[in-house]
Each structure stands twice: as C-alpha cells, then as structure tokens.
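Please look over the sequence and structure before reading the points.

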Amino acid sequence: QVQLVESGGDLVQPGGSLRLSCAASGNIFTINVMGWYRQTPGKERELCASITGGGNINYADSVKGRFTISRDNAKKTVYLQMVSLKPEDTAVYYCNIQGTLYSGYRPFLSWGRGTQVTVSS
C-alpha cells in the first residue's frame, strides 16, 4: 500500500557529493519518521540519519558534518545530501518511512529497494 522510490545513487570520487531522494506514494495519511540507512555485504544495516515530522534530526557519528537529511512533506519525499564522501561510505542506501495509512489509520513502516553509492577513484 506504500511504495518508495529511491534515486541518486552513483559512482563518485572521494571528496565528491551526491544527493539521494526517496519519494513515497500510496494510501498514506501521515508520515512521521523518515530515515536513511546503509548496508555493506556481511554487515548489518545501519542508520545514517533520520528526521521526524517535528523536524528533530539524528545523525550517525560517522556521517555528522558531511550528510544532511531533509524532507518535503508536500512531496512525501526525503533527501540525503552527502558531501566529502569517503570510500567507507560505499554501500547500498535504503530509505525508511514510518507513518499512518488511511485504511483504518493503521501504522506502517516501509523500506525502499536501495540505491548503490560507490565512492572510488
């Protein structure tokens, strides 16, 4: 009932920048928390950044000062601006959105399919 479409992943050189986008659609009544996670082979998925409906933002220590999360509620879209990228930022990036459906006002939690970010020279 909720679809997430991510975009923006690419191959970039160290020190470069990328902007990821994740747009939600479907039977959505409200969106609460929006976040970006990343995962590399053999490791657990880890939180990069999250933003609540009230604008409270949380960053992982590894991305503080380099990544900026933002949201456009009218477009039901969350962004992740990444600068000063490092090879260790290479991962599949997933967006995660939590909210409420119109159908019975039930809560939902949805994941995107992921977008590959590769930082390499």
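Pro14 is partly exposed, because its relative accessible area of 41% falls between the 20% limit for buried and the 50% limit for exposed. The model discussed here is predicted.

**Pro14 and its surroundings**
- Pro14 sits in the loop that links strand 2 (11-12) to strand 3.
- Leaving out residues up to four places away in sequence, Pro14 touches Leu85, Pro87, Val119, Ser120 and Ser121.
- Thr118 is 104 residues from Pro14 along the chain, and their C-alpha atoms are 9.4 Å apart.

**Strands 7 and 8**
- Strand 7 (residues 67-72) and strand 8 (residues 77-82) run antiparallel and are joined by six bridges.
- The two strands form a hairpin with four residues between them, and Lys76 in the turn has a positive phi of about 55°.
- The covered face of strand 7 consists of Phe67, Ile69 and Arg71, while Thr68, Ser70 and Asp72 make up the uncovered face.
- Ile69 has Leu80 of strand 8 as its bridge partner.

**Nonpolar core**
- The largest nonpolar core has 31 residues, and those touching the most other members are Trp36, Ile69, Val78, Leu80, Met82, Tyr93 and Ile97.
- Elements giving two or more residues to this core include strand 1 (2-7), strand 4 (28-39), strand 7 and strand 8.
- Strand 9 contributes the most, with five residues.
- Beyond its neighbours within four places in sequence, Val78 is in contact with residues including Leu20, Cys22, Met34, Trp36, Ile51, Ile69 and Cys95.
- In soluble globular proteins, nonpolar side chains tend to be buried together.

Note on methods: Residues are numbered from 1 along each chain as its sequence is written. This is a predicted model: local features need pLDDT of at least 70, side-chain atom pairs count only at pLDDT 80 or more; totals for chains, interfaces and linings use all residues. Side-chain values use heavy atoms; hydrogens and water are left out. Buried means under 20% relative accessible area, exposed over 50%, partly exposed in between (1.4 Å probe, protein chains only). Two strands pair if DSSP finds at least two bridges between them. A nonpolar core is a set of buried Ala, Val, Leu, Ile, Met, Phe, Trp, Tyr and Cys residues joined through side-chain atoms within 4.5 Å. Contact means heavy atoms within 4.5 Å.
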